[in-house]
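Work through the exercises below with the model open. Try each task before reading its solution.

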Amino acid sequence: MSLDKEGNQPFTLDTGTLKHYRSSDIATRHSCGKCGATVFWEGDERPHILDVAVGLLDAPEGARAESWLWWETDFVSFREDGMPRAKALTEALESGLAAYGEHQRNRSESLLTLENLHVNDEKLDSSSK
Ligand SMILES: [Zn+2]
């Protein structure tokens with residue numbers, strides 16, 4: 001593998017042990033050639049977009065990789081596919097996402113309130129000088 005002129009390793013779908021196969025008429029899946037872990041999913045209808053298996057990300061805060069990703073919590077993608085096959089799992093994912101979204105919104109409001117207090121403290125400090 002060669003480096004680009006900035007000394008970076010350019011991303012290609014031939015990186016490491018990555019293997020790919022056509023999983024349907026419209027999609028290609030990419031997985032680790034050593035352990036078989038799913039890495040990417042690529043749909044023909046959306047060229048230039050790769051779905052990434054987020055479980056492979058190594059974010060310091062854990063599997064949700066919240067410092068790198070924003071999570072949609074208002075709906076479950078492909079719900080119509082999940083319901084006939086795994087109704088209980090789909091509904092559990094839905095309620096878990098809703099609860100997580102609510103938790104995140106409450107957390108953001110608390111942080112905004114703390115930010116306001118901090119700004120007000122600075123105003124008080126500067127006005128007392
Ligand atoms: Zn692997």
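**Exercise 1. Find the contacts of Ser31, leaving aside neighbours within four places in sequence.**

Solution. Two residues are in contact if their C-beta atoms, placed from the backbone, lie within 7 Å. By this rule Ser31 touches Lys19, Gly36, Ala37, Thr38 and Val39. Next, locate the residue: Ser31 sits in strand β2, residues 27-31. Strands (E, at least two residues) and helices (H or I, at least four) are DSSP runs, numbered from the N terminus. Now take a residue further along the chain. Pro60 is 29 residues from Ser31 in sequence, and their C-alpha atoms are 23 Å apart.

The model is predicted: local features need pLDDT of at least 70, side-chain atom pairs count only at pLDDT 80 or more, and totals for chains, interfaces and linings use all residues. Residues are numbered from 1 along each chain as its sequence is written.

**Exercise 2. Is Ser31 buried, partly exposed or exposed?**

Solution. Start with the cut-offs. A residue is buried if 20 or more other C-beta atoms lie within 10 Å of its own, exposed if 12 or fewer, and partly exposed in between; C-beta atoms are placed from the backbone. Ser31 has 18 other C-beta atoms within 10 Å, so it is partly exposed.

**Exercise 3. Look at phi in His48 and Phe78. What are the values?**

Solution. First, the background. Most residues other than glycine have a negative phi. His48 has a positive phi, near 75°. Phe78 is also not a glycine, and its phi is positive, about 60°. His48 lies in the loop between β3 (38-43) and β4 (51-52). Phe78 lies in the loop between β4 and α1 (79-85). Then check exposure. His48 has 5 other C-beta atoms within 10 Å, so it counts as exposed. Phe78 has 8 C-beta neighbours inside 10 Å and therefore counts as exposed.

**Exercise 4. Describe the overall layout of the chain.**

Solution. Count the elements: two helices and four strands. From the N terminus they run β-β-β-β-α-α. Domain 1 covers 1-65 and domain 2 covers 71-129; the bounds come from an automatic or database domain assignment. The C-alpha centres of domain 1 and domain 2 are 28 Å apart.

Now compare with a globule. The chain has a radius of gyration of 22 Å, whereas a compact globule of 129 residues would have one near 14 Å. The radius is taken over C-alpha atoms, and the globule rule is 2.2 Å times the number of residues to the power 0.38. Along its principal axes the C-alpha trace spans about 70 × 50 × 30 Å. Last, check contact range. Of the contacts with a separation of 6 or more, 7% join residues 24 or more positions apart.
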